[in-house]
Amino acid sequence: MDDPRHARQRGIVSRSFTPRQLASVLESVETICREVIDGMCDRGEADLVEVLSQPFPLLVICDMMGIPRSEFRTVLEATNVIRGAGDPDMLGGRDPMTAMLEAGIQLTTLMNEIAEARRKDPRDDLTSALVNAPDDEDILAPHEIAPFFILLAVAGNDTTRTAISRGMHLLSQHPDQRRIWQDDLDGVTTTAVEEIVRVASPVTFMRRTATKATRVGDHDFAEGDKVVLLYGVANRDPRVFDDPEHFDVLRNPNPHVGFGGPGPHFCLGAHLARREVAVAFRQLFTRLPDIEVVGDAVPLEAMGIPLVGGNQAPTRPLHPDREPESELTRTFFESG
């Protein structure tokens, strides 16, 4: 979305994403993470995605928005379909477009009902803040609240899920880096979280359209050209990062673009995402200090988030007989 629509909506939402407004949410992150890890402690062996990195960030978002826990499974399954529609495991035999449409309708219906209830009876949650405002401040219109929730539930969930999952995978591949972090949680957590975001690059790519002729680096673009931004590649740029393929939990400075580049579209939830990743590993290392990876990571066959950019291939092979669905898909795999 471009200005002025973008500036207006971001301005409304950003009122609730200041450090002060997020204070209670950040406190709940600790509680929710502890609750989720409680459920995995006695299992002996478990799928980390299913028991921790999948439910944890989505529970934070649902609680923040005032979504009742009884609707958590609905939100989880719908967001899985929207972000993972390229993978048959997420579709249950349905056509991708039909499944995505149904998931979108589910989330829209749920959010519209909750927003209407909060207009009549505001509570201490983000939904209430977005549909009610003091002093005649602007609020999200009825037709805007559901799309915002879908964006938040999808983008704010899958990215953190992938960062936690890939983070554990990276630590299993680099036990020396794990020891450095685990031996000094207070001193290393900040830089370790940034390095996980850099190497994992949870948002794989974005496509944009050039609005005018311009030059970026050594490339000339004409108005209307489609441009694919590959974040995993940018985060391994040897002109910016020393030894970029090395996973280094002490890397500093670390000017990655995992939360987007600087400017008006920088991730509003970056502060919350950093806190979630930090809390997840701090609690894992404290409560389950001997946790170890015993199986291979199997990423989804999806385009937006689960595949890693750069020169790392997915561990589940892409089907050689499956024709890419669009020029964008073809460009992504040829470039990435």
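User: What percentage of the 336 residues in the protein do buried residues make up?

Analyst: This is a predicted model, in which local features need pLDDT of at least 70 and side-chain atom pairs count only at pLDDT 80 or more, while totals for chains, interfaces and linings use all residues. Residues are numbered from 1 along each chain as its sequence is written, and side-chain values use heavy atoms, with hydrogens and water left out. Buried means under 20% relative accessible area, exposed over 50%, and partly exposed in between (1.4 Å probe, protein chains only). Here, buried residues make up 45% of the 336.

User: Which residues have the most contacts inside the largest nonpolar core?

Analyst: In soluble globular proteins, nonpolar side chains tend to be buried together. A nonpolar core is a set of buried Ala, Val, Leu, Ile, Met, Phe, Trp, Tyr and Cys residues joined through side-chain atoms within 4.5 Å. The largest one here has 75 residues, and Leu52, Phe56 and Phe281 have the most contacts inside it. Helix α8 (residues 142-173) gives the most to this core, with 13 residues; helices (H or I, at least four residues) are DSSP runs, numbered from the N terminus.

User: With which residues is Phe281 in contact, leaving aside its neighbours within four places in sequence?

Analyst: Contact means heavy atoms within 4.5 Å. With those neighbours left aside, the partners of Phe281 include Ile164, Met168 and Trp181.

User: Is Cys41 buried or partly exposed?

Analyst: Cys41 is partly exposed, at a relative accessible area of 28%. Cys41 lies in the loop between α2 (19-40) and α3 (48-53). Beyond its neighbours within four places in sequence, Cys41 is in contact with Arg287 and Leu288.

Conventions. Helix = DSSP H or I, 4+ residues; strand = E, 2+ residues; numbered from the N terminus.
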